[in-house]
Amino acid sequence: MIDKEGEPTMSKTIHQDRRTQAVGVALLAATAWFLPWLIAHADLSKPWLSIPFLLASLVVASAMLVSVVNRWQRAEPIRALVPLGEEPRVAVVIPTLGEPLVLLERTVRSVLDQDWPLQQLRVVVSDDGHDDNVQELVNTLALEYSAATLRYHRPPRVGDPRRNGDAKAGNLNSALAMVPASIDFVETRDADDLVGDPRFLRETVGQLLAHERIAFVQTIKTGDVAPGDPFDNHQPHFFRCAMLSRYAANAVFPCGSGVVWRREALKEIGDFPTWNLVEDLQSGLEALRLGWESCYLPIEGAHAQHSPEDLPNFIKQRGTWALDTVRLNLWVSKDGLSFRQRLQFYELALFYLQGPATLVFLCSPILGFLFHWYPVVTNTNDFILHFWPFAAMLELFLVLVHRPMSFEQLWRARLVWAGLSFVYARACILAITGGRDGKPRYVVTRKQNEHAWHWRQAAPQIVLLSALGGSMAWSLAHHGLLNSFDIGSAYWAVLYGLLLAGFVRLSWHGVPLFGRLRSLGRTTAGAQLAGAHVAGAQLAGAQPAGAQLAGAHVAGAQLAGAHAGVAPQALLPAAQSMLPTQPMLPAQSLLPSARRPASTIVGSTSVSASMALHEAPATDGALRLSEDQALPLGAQRGISTTL
Amino acid sequence: MSTAVNAPSRAFTPPRLFVRGRSRVAARALALTPWVLLALFLVGELIVCAQRINGPFLDEGIYVAAGLRTLQGHGVGDSYLTWFSGSLAWPAMAGAAWKLWGLAGARALAALCVTIGLAGMLKASGNLLGERVRAATALAALTSGPVIALGHLAVYDTLAVAAAGGAFWAITEFVRRDDRAWLAGAALLYALAGLAKYPVLLFVGPPLVLLVVSLRGSRARMDIGLFAFIAGAALLIYFLSARTQLTAFESFRTQNNPSFGVTKSQLLYSQVYLTAVPLLLGVTGVILLRDRRRLALALLSGVPMAPLYHLVTGNPSGDQKHVVFGLLFVLPLIGVTLCHALRRWRMLLAIPLLAGLAAFALVQVVRIDESWPDLRPSANVLSQSVRPGDKLLVNSAWVEAAYLYDRGRVNTPYDLYDVYRIQHLGHPANVCAFQWFVDVPGGEQWPAAVRSAMLRCGTFHKTYSSSTTITGLGGNLHFVTYRAPIEIWRNEPAKPPHGSARA
């Protein structure tokens with residue numbers, strides 16, 4: 001696979017794949033061949049169709065150019081392990097907000113059990129939930145691991161003037177105060193993320209010790225997922241492909257978990273930024289702007305014990321990432337970044353901009369089938385001659401640039417991209433219309449999956465799929481397969497229709513057929529389940545790793561792809577506030593919600609509900625979403641407890 | 001893209017039945033055997049081509065004439081795509097070969113194509129079943145009458161065989177290496193086979209897909225989707241660019257499904273005659289491959305496709321050639337049977353079996369080679385007398401058209417009018433306006449009305465009369481060899497009639 005391998009620089013080994021590069025160049029040539037032709041043949045008598053189509057094509061073409069440049073090479077750091085006996089002190093900050101105790105306990109244990117001397121570890125569990133049970137858990141673990149230093153910390157409540165930032169950033173910043181100045185390295189780890197590789201600290205801190213200009217070291221994040229990873233939660237296109245290219249360009253960004261920071265760099269950027277929804281992407285950008293270097297180490301640093309595998313939660317998480325990324329690209333200065341670094345960040349934005357572009361591409365064939373309205377005026381042979389080389393090169397580039405991903409993995413990623421493109425389009429609109437200060441409030445990603453037929457969340461995709469299929473069938477019936485029926489458009493429409501159908505299928509993930517039908521009734525009639533399902537559809541979220549999906553996407557992947565939409569039921573009934581805060585048994589989460597007893601359903605929604613309870617009101621000018629919830633019992637404001 | 005693996009997967013471990021210890025020399029000999037046999041096949045076919053045992057088959061004439069026109073830039077203008085069951089790829093190749101070495105050249109190209117197809121099949125056989133079976137498969141190919149017959153026939157099936165064999169090999173390489181680049185290659189080759197001859201998509205598609213299903217298990221769905229996507233794209237490019245004519249082709253085919261006077265029972269008998277023996281030996285191979293039943297059945301699935309196509313449509317055209325596409329897949333199974341026979345029963349049964357197969361193949365080849373008339377003498381006569389601008393009535397015109405057009409005796413192949421064209425002129429033909437009337441066997445015969453109209457002109461004189469030998473399946477389902485007359489009449493209004501030549 002690698003033609004040119006083993007070119008060591010000072011700290012990294014560069015890999016170049018000649019085949020990918022060649023196809024990339026061919027893709028650029030095909031784009032240069034296709035785009036001017038497209039512009040010259042646009043049907044300007046229908047500007048409402050041709051101009052959006054041209055703009056969408058320009059977005060894709062720009063994304064192509066940037067992707068080819070960005071993915072020109074990959075890099076891996078030369079390993080540098082911390083020798084035994086020379087381990088420096090490291091602080092591990094674990095922010096938590098209502099995660100099930102069982103998950104949190106496993107996470108803390110995995111941190112303490114890794115290959116690192118306990119006396120050199122200081123673990124801070126920073127509990128935004130101010131939960132006595134968490135405090136008790138930390139106490140117990142502190143006794144068990146007496147050689148290590150475990151601290152329970154309660155950050156000031158959101159809105160408290162002593163708090164620097166809302167949500168996770170505020171939590172982390174508060175926890176940093178618990179880290180003595182003598183500690184040079186700080187790891188941040190999500191409360192449900194186990195240490196994947198027992199040598200995690202030895203490897204990451206080794207990089208930080210070996211290269212003093214490295215601000216942070218990010219690692220791979222995986223997680224517990226259903227067989228085949230249907231929701232693409234492992235994101236191999238990002239962690240196994242894109243991040244390696246970003247590392248080659250010194251444009252890695254932290255993903256919120258499985259990352260170790262140099263304390264000095266954090267200080268220099270003023271601790272974790274609070275402007276954006278989540279702190280990770282912007283913190284990396286700020287460090288890079290100040291001339292720090294970034295490092296990406298392809299080892300499994302974090303293994304999530306839970307991955308969002310129901311459509312509402314999933315859409316919420318990915319919508320947050322999209323909104324965060326587009327906001328950052330629109331409103332945050334890139335001064336100080338090199339051209340190559342900037343291109344890496346632009347690629348993120350261009351990916352999400354393809355959301356609206358994909359809508360245009362998918363609506364075009366529908367209009368063509370129904371009314372013979374096309375954005376370009378041309379003949380078949382000319383169209384084939386110009387478009388098909390572009391399409392072929394694009395498909396080939398997608399395959400090659402994502403190696404060593406299997407085609408199945410790539411297909412799953414693409415169906416997610418296609419299905420989410422409406423979410424991305426919405427994120428773009430919100431980011432633009434919200435302005436620089438329009439920070440939406442966010443909600444933590446639920447830590448339990450609600451298995452039901454979430455047909456509402458898939459409704460836009462279903463409508464689009466039906467329109468596509470229906471218009472094709474109508475055209476077929478009226479024009480005959482071999483006569484004037486637009487077979488060329490149908491071919492691409494079928495391909496991307498399959499992607500959309502794959503996404504729609506995710507809406508009933510985990511539910512057997514009869515459960516699906518029953519859950520349809522439940523979701524239609526019962527506000528409780530609906531409330532649970534769409535808790536995250538507020539385009540807000542505390543899930544870290546804001547833009548990692550975007551970084552993984554090769555621009556143009558959504559060409560002619562299908563669009564998905566977030567159902568407009570984002571604003572929930574206040575039923576959530578009635579729910580008690582209690583962890584859910586893991587076994588319960590495996591049950592389809594429609595088959596669970598009512599108490600189980602309540603239990604399953606409790607975590608997200610409790611998380612929502614503690615979110616701060618939006619800052620001035622923010623995109624406010626309704627929230628009417630009471631504070632939990634036993635809440636304490638701004639109290640830090642040292643054990 | 002999945003990364004390549006060097007070690008063969010479990011699916012490619014040769015069955016224990018066909019593996020045993022042997023020396024390096026023996027192993028080398030075994031590895032070389034199929035290629036030596038294939039080389040012999042090619043040499044034999046080239047010799048047959050050079051011998052010019054028979055004249056051009058009607059289809060050979062069509063493709064050569066169309067190919068010559070295509071090479072001159074008139075292929076699309078002549079609207080061949082409105083009635084060809086394939087693209088102009090093979091005609092162009094055959095036309096070029098004809099220009100170089102005449103009929104022998106076109107047939108030599110066909111031999112090369114079939115050899116390539118067989119090479120692909122042998123590679124696939126080795127991948128699936130091991131060296132020993134590959135060698136036996138080569139033996140099986142050399143004792144297959146339809147394969148040998150097709151190997152010296154310049155028709156577009158040969159290009160399709162080359163592509164289909166390549167697709168077969170690529171599929172097995174894809175599974176062996178777990179590298180979907182090979183699957184993409186297989187899809188493109190499959191599309192090429194279909195472009196060479198459209199019905200081949202139907203003959204070859206099912207066994208290829210079933211192969212993937214049997215070898216890839218749960219991953220087959222994505223494989224097949226990718227295969228269909230790539231092949232579909234390639235076929236669509238062709239279809240969309242020639243859409244107007246291809247749409248006309250579809251309506252032509254639905255309106256014209258000639259039976260050429262062949263009854264259903266004759267058709268059925270012909271298919272049984274061509275496929276019974278390979279099917280029997282293939283089923284034996286399936287039984288022997290107990291531990292690879294799904295793979296064996298996938299290979300066997302190729303056999304019934306062409307016979308079913310002909311029996312369902314009632315169209316006998318090309319049935320002897322189409323059988324070969326099924327044989328491509330069943331030959332490895334026959335190889336299994338032969339391998340088993342050679343190993344277990346040694347020479348007691350193996351040699352008589354092989355001798356029997358060879359003898360039967362010889363009979364089949366002779367019968368197939370003699371199943372059309374040799375029209376070279378009449379074509380030569382016409383070539384000496386026809387002048388550019390002349391119009392000819394030739395009931396089965398394409399062999400004469402190839403020769404006359406190649407030799408510059410007619411301006412276009414359409415200066416020759418066959419039965420179909422005369423019947424579809426849209427108006428009564430003025431037979432007396434033609435300069436030549438030719439009646440040859442092997443195709444549709446002149447309707448009595450046309451012949452009598454020619455005679456009524458009073459100006460046509462028989463200038464050539466001969467006969468040719470044809471072997472065919474009679475109404476009693478027995479093969480019969482008979483002599484059929486050839487007549488050439490010339491319209492000479494200026495000259496007084498002569499007794500014997502006057503009607």
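pLDDT is the predictor's confidence in each residue, on a scale from 0 to 100. I start there since this is a predicted model: local features need pLDDT of at least 70, side-chain atom pairs count only at pLDDT 80 or more, and totals for chains, interfaces and linings use all residues. Residues are numbered from 1 along each chain as its sequence is written, and chains are lettered from A and ligands numbered from 1 in the order in which they are written.

Confidence, then. Chain B has a mean pLDDT of 88, and 91% of its residues reach 70 or more. Both ends of chain B need care. Over residues 1–10 of chain B, pLDDT stays under 50. The model still gives that stretch 21 contacts beyond four places in sequence. A contact here is two C-beta atoms, placed from the backbone, within 7 Å. At residues 499–503 of chain B, pLDDT is again below 50, with five contacts beyond near neighbours in sequence. For the model as a whole, ipTM is 0.77 and pTM is 0.79.

Now chain B overall. Chain B has 18 helices and five strands. Those are DSSP runs, numbered from the N terminus: helices are H or I, at least four residues, and strands are E, at least two. The C-alpha trace spans about 85 × 50 × 40 Å along the principal axes of chain B.

Of the 503 residues of chain B, 48% count as buried. Buried means 20 or more other C-beta atoms within 10 Å of the residue's own; exposed means 12 or fewer; partly exposed is in between, with C-beta atoms placed from the backbone. Among contacts in chain B with a separation of 6 or more, 79% join residues 24 or more positions apart.

On to the sheet. Strands of a sheet pair through backbone hydrogen bonds, either parallel or antiparallel. In chain B, five strands form an open sheet in the order 2-1-3-5-4, and the pairing is mixed. Pairing requires at least two DSSP bridges between two strands. Strand 2 (416–417) and strand 4 of chain B are the edges, each pairing on one side only. Strand 1 (392–394) and strand 3 (436–439) of chain B run parallel, over three bridges. Within that pair, Leu393(B) bridges to Phe437(B). Strand 4 (460–473) and strand 5 (479–491) of chain B are antiparallel, over 13 bridges. There, Ile470(B) has Tyr482(B) as its bridge partner. Strands 4 and 5 of chain B form a hairpin with five residues between them. In its turn, Leu477(B) has a positive phi of about 65°.

One more backbone point in chain B. Asp178(B) is not a glycine, yet has a positive phi of about 55°. Asp178(B) sits in the loop between helix 6 (156–177) and helix 7 (180–196) of chain B. Is Asp178(B) buried or partly exposed? It is partly exposed, because 17 other C-beta atoms lie within 10 Å.

Chain A next. Chain A has 20 helices and eleven strands. Of its 643 residues, 57% are buried. Residues 24 or more positions apart supply 86% of the contacts in chain A with a separation of 6 or more.

Two loops in chain A deserve a look. His372(A) lies between helix 11 (339–371) and helix 12 of chain A. Its phi is near 60°, positive in a residue other than glycine. His372(A) is exposed, because 11 other C-beta atoms lie within 10 Å. Pro404(A) is in the loop between helix 12 and helix 13 of chain A. The peptide bond from Arg403(A) to Pro404(A) is cis, with omega near 15°.

Finally, the interface. In all, 19 residues of chain A are in contact with 15 residues of chain B. On the chain A side, helix 12 (380–401), helix 13 (407–434), helix 14 (455–484) and helix 15 (487–506) give two or more residues each. Helix 12 of chain A gives the largest share, six residues. That side divides into twelve nonpolar, five polar and two charged residues. Nonpolar covers Ala, Val, Leu, Ile, Met, Phe, Trp, Tyr, Cys and Pro; charged covers Asp, Glu, Lys and Arg; the others, Gly among them, are polar.
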